[in-house]
Amino acid sequence: MGAAEIGGKFGWEAMASNLPAAALRVTVTSRLRRNVAKPASMQQAPETMAAEIARIVALHLGRRGPLLPLLHDVQAALGCIPDEAVPAIAHGLNLSRAEVHGVITFYHDFRRAPAARHVVRLCRAEACQARGGVVIEAQAARRLGVSMGETRADGQVSLEAAFCLGLCATGPNALVDGRPISRIDEAALEAIATKVEA
């Protein structure tokens with residue numbers, strides 16, 4: 001069965017023709033304009049953001065299981081998946097807003113607000129916890145001035161949980177701006193803090 005047959009069978013072609021990018025743009029733009037408090041790091045105009053979301057939705061129409069790849073693409077393009085994007089994504093994929101919101105909030109890697117300039121992710125898996133991860137987490141929160149799962153008010157650093165980085169033999173571990181760091185101790189934590197505060 002070819003892509004055209006699948007699209008026709010499930011109505012993707014009809015939906016794509018009924019939902020031109022302009023229609024998605026109108027939906028997202030009107031919702032974005034109503035959003036009074038936008039995070040400071042979202043520098044794009046609502047029309048630009050709406051156009052980008054519509055473009056990404058259009059790329060995924062007709063694909064099998066398009067929601068996760070689409071959400072990854074939106075986050076890569078915008079730095080997060082703003083709440084204002086959910087209705088357009090849901091409408092474009094013929095899903096409910098609750099389904100889209102549920103996926104975004106279920107997976108820890110999706111962001112609903114832009115990340116800080118630096119992201120420190122500490123492993124909370126059992127092996128890292130057994131090797132002193134709880135102590136490191138408390139020290140990191142104190143040293144960086146931010147609680148787990150939060151972003152510091154100045155936007156410089158976010159402290160987040162990761163659930164297994166696959167480096168269990170060398171824990172406790174962290175990802176600092178996507179770079180893995182093993183055997184985190186007080187000295188390593190101080191080096192991390194110095195780097196992210198520079």
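Colleague: Which residues in α5 do Met-49, Glu-52, Ile-53, Ile-56, Val-57 and His-60 in α4 meet?
Modeller: This is a predicted model, where local features need pLDDT of at least 70, side-chain atom pairs need 80 or more, and totals for chains, interfaces and linings use all residues. Residues are numbered from 1 along each chain as written, and side-chain values use heavy atoms, without hydrogens or water. Helices are DSSP runs (H or I, at least four residues; strands are E, at least two) numbered from the N terminus, and contact means heavy atoms within 4.5 Å. On the α5 side, those α4 residues meet Pro-69, Leu-70, Asp-73, Val-74, Ala-77 and Leu-78.

Colleague: How do α4 and α5 run relative to each other?
Modeller: The axes (lines fitted to C-alpha atoms over the stretch in contact, with angles from 0 to 180 degrees between N-to-C directions) of α4 (residues 46-60) and α5 (residues 67-78) come within 10 Å and cross at roughly 150°. Angles over 145 degrees count that way, so the two helices are roughly antiparallel.

Colleague: How much space lies in the largest pocket?
Modeller: A pocket is an open set of 1 Å grid points, over protein atoms alone, where a 1.4 Å probe fits, with protein on both sides within 12 Å along at least five of seven lines; lining residues have an atom within 4 Å of a point. Among the 18 lining residues, His-108, Phe-110, Arg-111, Gly-149 and Glu-160 are the closest to the centre. Counting the space filled by probe spheres set on the points, the largest pocket holds about 460 Å³.

Colleague: Which element gives the largest share of that pocket's lining?
Modeller: Both β2 (150-151) and β3 (157-162) supply at least two lining residues. The largest share, three residues, comes from β3.

Key:
Angles under 35 degrees count as roughly parallel, over 145 as roughly antiparallel, 65 to 115 as roughly perpendicular and the rest as oblique.
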